[in-house]
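Hi there,

Here is the structure I promised to pass on.

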Amino acid sequence: MLLLAIDTSTTAITTALHDGSSVVAEVTTLDARAHAEHLAPGVRDALAQAGASPTEVTDVVVGIGPGPFTGLRVGIVTGRTFAFALGLPVRGLTSLDALAHEAWLGGRRGDLLVATDARRKEVYAAAYVLDDSAATRVAGPVVSRAADLDADLTALPAAGRGALLSPDSLPDAVEPLDVSAGALADLAVRRLAHAPAQPDGIRQHVDPGHGFDGLEPLYLRRPDAAPAPPSTKSTLG
(Lines give C-alpha, C1' and ligand atoms only; values in the text may rest on other atoms or scores of the structure.)
Protein backbone atom coordinates (compact mmCIF):
# COMPACT_ATOMS: atom_id res chain seq x y z
CA MET A 1 0.00 0.00 0.00
CA LEU A 2 0.98 3.57 -0.67
CA LEU A 3 -1.93 5.86 0.17
CA LEU A 4 -1.95 9.50 -0.87
CA ALA A 5 -3.93 11.85 1.40
CA ILE A 6 -4.94 15.39 0.46
CA ASP A 7 -6.80 18.05 2.43
CA THR A 8 -7.48 21.69 1.59
CA SER A 9 -10.38 22.40 3.96
CA THR A 10 -8.42 24.67 6.32
CA THR A 11 -5.51 27.09 6.15
CA ALA A 12 -3.26 24.05 5.64
CA ILE A 13 -2.72 22.80 2.09
CA THR A 14 -1.54 19.39 3.18
CA THR A 15 -0.51 16.13 1.50
CA ALA A 16 0.91 12.92 2.90
CA LEU A 17 1.83 9.36 1.96
CA HIS A 18 1.19 6.32 4.17
CA ASP A 19 2.61 2.87 3.46
CA GLY A 20 0.07 0.98 5.56
CA SER A 21 2.29 1.03 8.62
CA SER A 22 3.19 4.68 9.07
CA VAL A 23 3.28 8.08 7.43
CA VAL A 24 6.33 8.15 5.16
CA ALA A 25 6.04 11.72 3.86
CA GLU A 26 4.07 14.85 4.64
CA VAL A 27 4.14 18.33 3.11
CA THR A 28 2.07 21.21 4.48
CA THR A 29 1.84 24.86 3.46
CA LEU A 30 -0.18 27.38 5.47
CA ASP A 31 -1.99 29.71 3.10
CA ALA A 32 -5.70 30.46 3.28
CA ARG A 33 -5.91 31.88 -0.24
CA ALA A 34 -3.61 29.93 -2.59
CA HIS A 35 -4.66 26.29 -2.43
CA ALA A 36 -4.38 25.73 -6.18
CA GLU A 37 -0.86 27.17 -6.33
CA HIS A 38 0.52 25.02 -3.51
CA LEU A 39 -1.27 21.68 -3.81
CA ALA A 40 0.34 20.14 -6.91
CA PRO A 41 3.88 21.04 -5.74
CA GLY A 42 2.97 19.57 -2.35
CA VAL A 43 1.97 16.25 -3.91
CA ARG A 44 5.17 16.23 -5.96
CA ASP A 45 7.31 17.03 -2.91
CA ALA A 46 5.63 14.34 -0.80
CA LEU A 47 6.37 11.75 -3.48
CA ALA A 48 9.98 12.94 -3.61
CA GLN A 49 10.28 12.68 0.18
CA ALA A 50 9.08 9.10 0.03
CA GLY A 51 11.26 8.28 -2.97
CA ALA A 52 8.15 7.14 -4.84
CA SER A 53 6.62 7.75 -8.25
CA PRO A 54 2.93 8.43 -8.89
CA THR A 55 2.53 4.94 -10.34
CA GLU A 56 3.43 3.44 -6.95
CA VAL A 57 0.42 5.03 -5.25
CA THR A 58 -2.35 2.49 -4.61
CA ASP A 59 -5.08 4.55 -2.93
CA VAL A 60 -6.19 8.17 -2.62
CA VAL A 61 -8.16 9.79 0.21
CA VAL A 62 -9.38 13.38 0.24
CA GLY A 63 -10.77 15.54 3.01
CA ILE A 64 -14.30 16.55 2.00
CA GLY A 65 -14.64 19.40 4.48
CA PRO A 66 -16.53 21.21 5.67
CA GLY A 67 -14.56 24.10 4.28
CA PRO A 68 -14.70 27.21 2.11
CA PHE A 69 -15.91 26.52 -1.41
CA THR A 70 -12.86 27.28 -3.56
CA GLY A 71 -10.15 25.74 -1.40
CA LEU A 72 -12.14 22.62 -0.66
CA ARG A 73 -12.95 22.06 -4.32
CA VAL A 74 -9.25 22.26 -5.27
CA GLY A 75 -8.35 19.35 -3.00
CA ILE A 76 -11.23 17.10 -3.99
CA VAL A 77 -10.80 17.68 -7.72
CA THR A 78 -7.04 17.13 -7.50
CA GLY A 79 -7.48 13.86 -5.62
CA ARG A 80 -10.15 12.60 -7.99
CA THR A 81 -8.13 13.56 -11.06
CA PHE A 82 -4.96 11.90 -9.74
CA ALA A 83 -6.91 8.72 -8.97
CA PHE A 84 -8.75 8.71 -12.29
CA ALA A 85 -5.54 9.12 -14.27
CA LEU A 86 -3.98 6.10 -12.59
CA GLY A 87 -7.13 3.98 -12.19
CA LEU A 88 -7.01 4.13 -8.40
CA PRO A 89 -9.77 4.04 -5.78
CA VAL A 90 -10.44 7.45 -4.23
CA ARG A 91 -12.36 7.92 -0.99
CA GLY A 92 -13.51 10.83 1.12
CA LEU A 93 -13.37 11.53 4.84
CA THR A 94 -14.80 14.41 6.83
CA SER A 95 -11.91 16.77 7.51
CA LEU A 96 -13.03 17.54 11.07
CA ASP A 97 -12.70 13.82 11.79
CA ALA A 98 -9.04 14.03 10.81
CA LEU A 99 -8.48 16.88 13.29
CA ALA A 100 -10.12 14.87 16.06
CA HIS A 101 -8.08 11.81 15.06
CA GLU A 102 -4.87 13.83 15.26
CA ALA A 103 -5.80 14.93 18.77
CA TRP A 104 -6.49 11.28 19.61
CA LEU A 105 -3.13 10.21 18.18
CA GLY A 106 -1.52 12.84 20.41
CA GLY A 107 -2.99 11.21 23.49
CA ARG A 108 -6.03 13.40 24.15
CA ARG A 109 -9.02 11.59 25.67
CA GLY A 110 -12.49 12.71 26.67
CA ASP A 111 -14.90 15.12 25.02
CA LEU A 112 -13.62 17.44 22.29
CA LEU A 113 -15.08 20.10 20.04
CA VAL A 114 -13.45 20.65 16.66
CA ALA A 115 -14.09 24.16 15.33
CA THR A 116 -12.47 25.43 12.13
CA ASP A 117 -12.67 28.83 10.48
CA ALA A 118 -15.79 29.13 8.30
CA ARG A 119 -15.21 32.86 7.67
CA ARG A 120 -18.06 35.37 8.05
CA LYS A 121 -17.31 35.20 11.82
CA GLU A 122 -18.57 31.59 11.88
CA VAL A 123 -17.08 28.17 12.57
CA TYR A 124 -17.51 24.68 11.20
CA ALA A 125 -18.01 22.56 14.30
CA ALA A 126 -18.44 18.95 15.36
CA ALA A 127 -18.28 17.22 18.75
CA TYR A 128 -16.35 14.03 19.50
CA VAL A 129 -15.74 11.52 22.25
CA LEU A 130 -12.14 10.31 22.36
CA ASP A 131 -11.71 7.01 24.17
CA ASP A 132 -8.92 4.45 24.05
CA SER A 133 -10.15 2.98 20.76
CA ALA A 134 -10.94 6.01 18.54
CA ALA A 135 -12.28 9.52 18.18
CA THR A 136 -16.02 9.16 17.50
CA ARG A 137 -18.14 12.00 16.15
CA VAL A 138 -21.31 12.47 18.22
CA ALA A 139 -22.69 15.74 16.81
CA GLY A 140 -22.31 17.84 13.66
CA PRO A 141 -20.81 19.04 11.51
CA VAL A 142 -22.63 22.37 11.46
CA VAL A 143 -21.79 25.93 10.46
CA SER A 144 -22.62 28.54 13.10
CA ARG A 145 -21.41 31.52 15.01
CA ALA A 146 -19.43 30.15 17.92
CA ALA A 147 -21.58 32.11 20.34
CA ASP A 148 -24.68 30.35 19.01
CA LEU A 149 -23.42 26.84 19.73
CA ASP A 150 -24.94 25.03 22.71
CA ALA A 151 -23.32 25.89 26.01
CA ASP A 152 -22.32 22.28 26.62
CA LEU A 153 -20.28 22.43 23.39
CA THR A 154 -18.61 25.80 23.94
CA ALA A 155 -17.41 24.59 27.35
CA LEU A 156 -15.40 21.75 25.74
CA PRO A 157 -11.73 21.88 24.80
CA ALA A 158 -11.77 23.10 21.20
CA ALA A 159 -9.29 22.12 18.51
CA GLY A 160 -9.03 24.04 15.25
CA ARG A 161 -8.55 27.72 14.45
CA GLY A 162 -12.17 28.49 15.28
CA ALA A 163 -11.28 28.63 18.96
CA LEU A 164 -8.50 31.16 18.31
CA LEU A 165 -10.90 33.32 16.31
CA SER A 166 -13.66 33.17 18.94
CA PRO A 167 -11.87 33.14 22.29
CA ASP A 168 -14.79 34.66 24.17
CA SER A 169 -17.10 31.82 23.09
CA LEU A 170 -14.51 29.01 22.94
CA PRO A 171 -12.09 29.77 25.75
CA ASP A 172 -10.40 26.36 26.00
CA ALA A 173 -8.36 26.27 22.77
CA VAL A 174 -6.20 23.19 22.20
CA GLU A 175 -4.14 21.77 19.35
CA PRO A 176 -4.21 20.77 16.56
CA LEU A 177 -5.18 23.92 14.67
CA ASP A 178 -5.32 22.67 11.07
CA VAL A 179 -5.88 19.37 9.32
CA SER A 180 -2.80 17.18 8.94
CA ALA A 181 -2.79 14.97 5.84
CA GLY A 182 -0.72 12.53 7.89
CA ALA A 183 -3.57 12.17 10.39
CA LEU A 184 -6.07 11.93 7.52
CA ALA A 185 -3.99 9.17 5.95
CA ASP A 186 -3.68 7.30 9.24
CA LEU A 187 -7.45 7.49 9.78
CA ALA A 188 -8.08 6.22 6.24
CA VAL A 189 -5.71 3.27 6.68
CA ARG A 190 -7.42 2.29 9.93
CA ARG A 191 -10.86 2.45 8.30
CA LEU A 192 -9.67 0.56 5.23
CA ALA A 193 -8.59 -2.25 7.54
CA HIS A 194 -12.25 -2.70 8.51
CA ALA A 195 -13.85 -1.98 5.13
CA PRO A 196 -15.14 -4.86 2.98
CA ALA A 197 -13.30 -5.60 -0.22
CA GLN A 198 -14.70 -3.77 -3.24
CA PRO A 199 -15.51 -5.72 -6.41
CA ASP A 200 -13.67 -4.86 -9.61
CA GLY A 201 -15.13 -1.82 -11.31
CA ILE A 202 -16.03 0.04 -8.11
CA ARG A 203 -13.07 2.38 -8.12
CA GLN A 204 -14.30 5.79 -7.07
CA HIS A 205 -15.64 5.41 -3.56
CA VAL A 206 -16.50 3.25 -0.57
CA ASP A 207 -20.05 3.52 0.73
CA PRO A 208 -20.42 5.86 3.74
CA GLY A 209 -21.59 2.99 5.90
CA HIS A 210 -18.19 1.35 5.54
CA GLY A 211 -16.33 4.08 7.38
CA PHE A 212 -15.93 6.58 4.53
CA ASP A 213 -18.05 9.59 3.67
CA GLY A 214 -18.35 9.60 -0.10
CA LEU A 215 -16.86 12.33 -2.26
CA GLU A 216 -19.45 15.10 -2.13
CA PRO A 217 -17.91 18.23 -0.59
CA LEU A 218 -19.39 19.45 2.68
CA TYR A 219 -19.92 23.14 2.02
CA LEU A 220 -22.79 23.46 4.57
CA ARG A 221 -23.80 26.72 2.94
CA ARG A 222 -23.90 28.32 -0.49
CA PRO A 223 -20.62 29.66 -1.94
CA ASP A 224 -19.83 33.37 -1.68
CA ALA A 225 -19.80 33.70 -5.46
CA ALA A 226 -23.15 33.34 -7.19
CA PRO A 227 -24.05 33.34 -10.87
CA ALA A 228 -25.52 36.55 -12.25
CA PRO A 229 -29.31 36.54 -12.51
CA PRO A 230 -30.65 36.02 -16.02
CA SER A 231 -31.18 39.17 -18.02
CA THR A 232 -34.76 40.34 -18.32
CA LYS A 233 -34.00 42.37 -21.42
CA SER A 234 -36.06 41.24 -24.36
CA THR A 235 -34.17 39.71 -27.25
CA LEU A 236 -36.92 40.79 -29.66
CA GLY A 237 -36.29 43.78 -31.86
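There are 8 salt bridges in the structure, a salt bridge being a side-chain nitrogen of Lys or Arg within 4 Å of a carboxyl oxygen of Asp or Glu. This is a predicted model, so local features need pLDDT of at least 70 and side-chain atom pairs count only at pLDDT 80 or more, while totals for chains, interfaces and linings use all residues. Residues are numbered from 1 along each chain as its sequence is written, and side-chain values use heavy atoms, with hydrogens and water left out.

One of the salt bridges joins the side chains of Asp59 and Arg91, at 3.0 Å from N to O. Asp59 sits in strand S4 (residues 59-63) and Arg91 in strand S5 (residues 90-93), so this pair ties together parts that are 32 residues apart in sequence. Helices (H or I, at least four residues) and strands (E, at least two) are DSSP runs, numbered from the N terminus. Asp59 is buried at 11% relative accessible area, and Arg91 is buried too, at 9%. For these words, buried means under 20% relative accessible area, exposed over 50%, and partly exposed in between (1.4 Å probe, protein chains only).

Arg109 and Asp132 form another salt bridge, with their closest N and O atoms 3.4 Å apart. This pair also links distant parts of the chain: Arg109 is in the loop between H3 and S6, and Asp132, 23 residues away, is in the loop between S7 and strand S8 (135-144). Arg109 is partly exposed, at 36%, and Asp132 is exposed, at 67%.

Within helix H6, Arg190 and Asp186 are 4 residues apart, or about one helical turn, and their side chains meet in a salt bridge of 2.5 Å, N to O. Here Arg190 is partly exposed, with a relative accessible area of 37%, whereas Asp186 is buried, with 14%. There is also a network of salt bridges that links Asp97, Arg137 and Arg191.

Now to the nonpolar side. Which residues touch the most other members of the largest nonpolar core? They are Leu3 and Leu112, in a core of 28 residues. By nonpolar core I mean a set of buried Ala, Val, Leu, Ile, Met, Phe, Trp, Tyr and Cys residues joined through side-chain atoms within 4.5 Å. At least two residues of this core come from each of S1 (3-7), H3 (95-105), S6 (110-119), S7 (122-130) and H6 (181-192). H6 gives the largest share, 7 residues. Leaving aside residues up to four places away in sequence, Leu3 has contacts (heavy atoms within 4.5 Å) that include Leu17, Val61, Ala185, Val189 and Leu192, and also Asp59. Another core, of 25 residues, lies apart from this one, with Val27, Val57, Val60 and Leu88 among its members.

Finally, helix H1 (residues 35-50). Its 16 residues reach 22 Å from the first C-alpha to the last, close to the 22 Å expected at 1.5 Å a residue; the expected span is 1.5 Å times one less than the number of residues. His35, Leu39, Gly42, Val43, Ala46 and Leu47 are the buried residues of H1. Seen down the helix axis, they fall within an arc of 130°, so they line one face of H1; the arc is that of the directions from the helix axis to the C-beta atoms. They pack against S1, strand S2 (12-18), strand S3 (23-30) and helix H2 (69-86). Glu37, Arg44 and Ala48, on the other side of H1, are exposed. After H1 comes Gly51, with a positive phi near 65°.

Best wishes
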